[in-house]
Amino acid sequence: MTLPRLFTPTSLGSLELANRIVMAPLTRNRARAEDDAPYEIHARYYAQRASAGLIVTEGSQITPEAKGYAWTPGIHSEAQIEGWKAVTDAVHARGGKIVIQLWHVGRISHTSLLPNGQAPVAPTAITAESRTYDGNGFVPVSQPRALETSEIPRLIEDYRQATRNARAAGFDGVEIHAANGYLIDQFLKDGANQRTDAYGGSVENRVRLLDEVVAAVSETWEPGRVGVRLSPFSNANGITDSDPVATFTAAVDKLNAYGLAFLHLVEGQTGGPREWPEGGLEALRARFNGSYIANNGYDRQAAIDAVETGKADLVAFGKAFIANPDLVERLRQDTPLNTPDSDTFYGGTEKGYTDYPTLEETASAA
Ligand code: 8OZ
């Protein structure tokens, strides 16, 4: 039997990958409380998963104002860069590739998580119907304030600086988080963006922030090391759009100008049903001129089929990677998978993080 393409090497922009299985970005809320830095347990966790063709890290705030949950890591301070350097060294020592997800939550935050108790920033001062985790429990997100037009250049500069930091931390590239109802998605979707300046109103205006961020990030590093994650049809974090096919057709057209490493789509509802308007997802995928990473609810056979038929170039797995550090080997051998424990997804330390056994460990314990 020949090896399915899913398990074969590929190039992704400037990167050479050992296979087409991607570890999806996964928020785990285990950064060091005093400085939001990753540390030894993160290096161990990611190194355990280095056989993925590509690891996309958990979302990492580009500035203190970009933070929306307790204990998420940042990529804006020296301590954070140093912590991430240990992570990238550990992954590279095992032959893996790792990009960092650059994250700005926009309105999905709480004043208690932000500098000086300030309000979250958003395209428009509309409070999301969503909750966040403030370190004690789930709380409704705070009322945001609308960004002034004059603040946008500073925001773009924050993305540039985070990209420089990612490079200094030894990453292979970055993924721009433009999905799941966070800041860039808030600009894209008209349920959250009612601006009357050049960043709101028409589709052309709503895709402007994404376009400017991608331009800045790819010029700060190189386009072959930059990917973008979108969730066109997702209502995650209370976001809506009146015409996602039109909005995201315009977004993909913008992205096509850059020669990016990849486009990574959450297909349907984030972590939920794979639903979208008839042909909508397929049209977006066909319109993108680079490598396509598919995500959302794939199992082994669906991933093999998607890559075999060209529906996807790579497939990202989330929960399966939480519970299976050796997911690639398990999929290759078609062996049973460990079951993820949702009680330990968010927060804590090693338990449910670095203690899931590999096949080998399970065999030697038997
Ligand atoms: C789960 C919990 C908190 C944040 C996303 C970054 O949905 C997240 C996230 C997921 O993109």
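**Close-up views of a predicted model**

View 1. Leaving aside residues up to four places away in sequence, Q61 is in contact (heavy atoms within 4.5 Å) with D36, A66, K67, T72, P73, G74, I75, H76 and W103. Q61 belongs to strand β4, where strands (E, at least two residues) and helices (H or I, at least four residues) are DSSP runs numbered from the N terminus. Its relative accessibility is 0%, so Q61 counts as buried, a term that stands for under 20% relative accessible area, with exposed meaning over 50% and partly exposed in between (1.4 Å probe, protein chains only). The model is predicted, so local features need pLDDT of at least 70 and side-chain atom pairs count only at pLDDT 80 or more, whereas totals for chains, interfaces and linings use all residues. Residues are numbered from 1 along each chain as its sequence is written, and side-chain values use heavy atoms, with hydrogens and water left out.

**View 2. Helix α1 and its packing against helix α2.** Seven of the nine residues of α1 are buried, so this helix is largely enclosed by the rest of the structure; the buried residues are I41, H42, A43, Y45, Y46, A47 and Q48. They pack against β3 (21-23), β4 (54-61), α2 and β5 (98-103). The axes of α1 (residues 40-48) and α2 (residues 78-93) come within 8 Å and cross at roughly 25°, where axes are lines fitted to C-alpha atoms, for helices over the stretch in contact, and angles run from 0 to 180 degrees between N-to-C directions. The two helices are therefore roughly parallel to each other (angles under 35 degrees; over 145 counts as roughly antiparallel, 65 to 115 as roughly perpendicular and the rest as oblique). H42, A43, Y46 and A47 of α1 meet W84, A86, V87, A90 and V91 of α2. By class, this contact of α1 with α2 has eight nonpolar, one polar and no charged residues, with Ala, Val, Leu, Ile, Met, Phe, Trp, Tyr, Cys and Pro counted as nonpolar, Asp, Glu, Lys and Arg as charged, and the others, Gly among them, as polar.

**View 3. Helix α6 and the elements that cover it.** The 13 residues of α6 (residues 208-220) should span 18 Å at 1.5 Å a residue, and the end C-alpha atoms are 18 Å apart, which agrees; the expected span is 1.5 Å times one less than the number of residues. Buried in α6 are L209, L210, D211, V213, V214, A216, V217, S218 and T220. The cover over these buried residues includes α3 (152-168), β10 (173-178), α4 (183-188), α5 (203-206), β11 (226-230) and α7 (244-255).

**View 4. The pairing of helices α7 and α8.** The axes of α7 and α8 (residues 280-287) come within 9 Å and cross at roughly 10°, which makes α7 roughly parallel to α8. V245, F248, T249, V252 and D253 of α7 make the contact with G280, L284 and R287 of α8. By class, four nonpolar, two polar and two charged residues take part in the contact of α7 with α8.

View 5. S112, in the loop between β5 and β6 (121-122), counts as partly exposed at 49% relative accessibility. S112 and Y69 are 43 residues apart in sequence and 9.7 Å apart in space, C-alpha to C-alpha. E129 lies in the loop between β6 and β7 (131-133) and is exposed, with a relative accessible area of 75%. Not counting residues up to four places away in sequence, E129 touches N237 and G238.
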